Every structure is written in C-alpha cells, then in structure tokens.
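Hi there,

Here is the structure I promised to pass on to you. Please open it first, and then read my notes alongside it.

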Amino acid sequence: MSALEEKVLVSVCCTAYNHAKYIRSCLDGFVNQKTNFKYEVIVHDDASTDNTANIIREYANKYPEIIKPIFQKENQYSKGIRISNTFIIPKCQGKYIAYCEGDDYWCDENKLQKQVDVLECNPEYVACVHQTKTLDLRRKQESLFVKCDKDCVLETERFFAATNPYQTSSLMYRFELYNKRPSFCFVSKQVGDYPTAVFLTLTGPVYYINETMSVYRKFTEGSWSLRNIAKPNIQNFKDMIKILTLADEYSNFKYHKLIDKKKIGLEYKLWKYTAGFEILGTERFKLLSIIKRLKMVFYILCRKLGVGVR
C-alpha cells in the first residue's frame, strides 16, 4: 500500500487564535513525529488578528500530508460555537484522536508512536496519557503536571482525587468513543476537556506513561487561565458542578463520595464570589473544613464591605 493509500491512524485536533508567538513550536512538534503509521493534524485558526494564519499556511504548504488547516474569516468562539465539534471532528479520519492547543507543544518525537503502541497492544484501555511539563509564564517557573512517578493505570479513584489528572496535550483516546459521550459532556461551551476526561475514566482504564512528552504554557496572552486570574468565570464553576452531578448519576453513584468531595471544592470556589451569610447555615457549608469555613466568613465580610476578593 502506498503512503497516499495508507489510512490515517491518528487524527490530532489543534485550535489556534493569536498564537503567532507559539504556533511554530506547536507545529514543529507535530511534523517532527516519527511513526510507522500515517497521521493528520487538523489545525483550526479562529480568525486570528496576528500572523498565526500565515504561519499555519506555511506549514500546510510544506507538509500537506500532515497539516490540514481550517481558516475562519470570523471568530467562531465569540459566537458560542463549539469549535472541535463543529469544524475539526467532522474532518478527522483516525482510529485515535489526540489534542494540542496552539500555544502548547509536544517535546518528544516519539509521542504518538508510544501512545499508539500502548493502545494497540491493550484493547481494554480507552485512552493513554503522559507526563506534561508546565511553563508558568507569570511566575517564570517550571513544574510537572502529573503527580505520579511511574507508568500505571490511572484508576478512577485517583482521577477524582487529583486536582488535574492530566493535561489535554497528553491525551490520546479511541475515536469510536467520541460519539458515545453522554449529556454531561455538552453542559458547557467553555469547559470541554474535563467532562471528556470524566467520561473516559468512567468508561474504562486510562494508561499513564511516566515520560514528559508535551509542554503546557500556562497564562499565555488571551488564554483561559489568564482570563480567570483577571476575572474568575462564575459560570464555569456552575457548569463544573452540574457536570459532576450528571456524571455521578451516569455512573449510578459508584464514585459518589469522591465526586461529591470534588463538588464541594467547586462549591467553595463559587461561594467565595457569590454567597451571602445565609450559606453559613446550610448542610453543604458544614462539609467544608474549619479553615475553609473561617475563610468563607472572611470572604463574605470583604464583599459586604466592598473589598475585592482574590
């Protein structure tokens, strides 16, 4: 079978918007992959106002078999349109799907091959993830994303106990599961990665490779993480709570204690910006630790006095 006739095994989803500073390292991470299979990268530029689209065109012209661009004339995200669902996924042809945002990048040329090998040899695994390096651009610090020091199956209990079980740039999963995602995956137009991760961990084993194969740039210009520092998105907290409530029902409450513990943590963050003194008498409030209860009283007082809360 010729290279042109070979079927695509992995489809990579990449969204970009005003990522001219970062997109070259992202695209280099894609085209430098060494694999014994064919893969494609669907890169969606959401009407960037900088040079992002031109850089993507450059790579698409040089690597037409790998880089398959989508260019928007008007920004779709601002219209509330789900970018991946609407534009990227319909073009994907692979057995597996992987992700990397335009301001992140892969730092291991064998990343795709290693993950495909795991999934091909272990049909019971629904997904494969790996370690990610975090670059905190505000504090100029580096850290590892996953608090795990060996290859292992990420048990569902560990998933819900972790603050962030893995970074999206490390995720590869079976494409057949995409259209099987339950209703809680569509609750929010802004929180898309986490509900998919919840669905995967409730569906089957997720395997973790303890090798740093991607880099997550945190607090890039215009990023979700930076916007939430400047002005916390209250709706995101509400959406996350609803997602977990529906996921709890979806799993027949098998992990209720773990999920509810995660919900109370999100409720605490929500109350920090919205609650009044009436919250202090509720049963949910009493589930907080003594320290968090004291902090909540402080936050409420600050807001009553017109003092900003961070």
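Predicted model: local features only at pLDDT ≥ 70, side-chain atom pairs only at ≥ 80, totals over all residues.

Residues are numbered from 1 along each chain as its sequence is written, and side-chain values use heavy atoms, leaving out hydrogens and water.

The protein chain has 11 helices and 10 strands (DSSP runs, numbered from the N terminus: H or I of at least four residues for helices, E of at least two for strands). Its C-alpha trace spans about 70 × 45 × 35 Å along the principal axes. Buried residues make up 51% of the 310 residues, where buried means under 20% relative accessible area and exposed over 50%, with a 1.4 Å probe and protein chains only.

Now look at helix α11, residues 290-304. Its 15 residues should span 21 Å at 1.5 Å a residue, and the end C-alpha atoms are 21 Å apart, which agrees (the expected span is 1.5 Å times one less than the number of residues).

Which residues of α11 are buried? They are Met 296, Tyr 299, Ile 300 and Cys 302. They cover an arc of only 160° around the axis, so they lie on the same side of α11 (the arc uses directions from the helix axis to the C-beta atoms). On the other side, Ile 290, Ile 291, Leu 294 and Lys 304 are exposed. Just after α11, Gly 306 takes a positive phi of about 80°.

Best wishes
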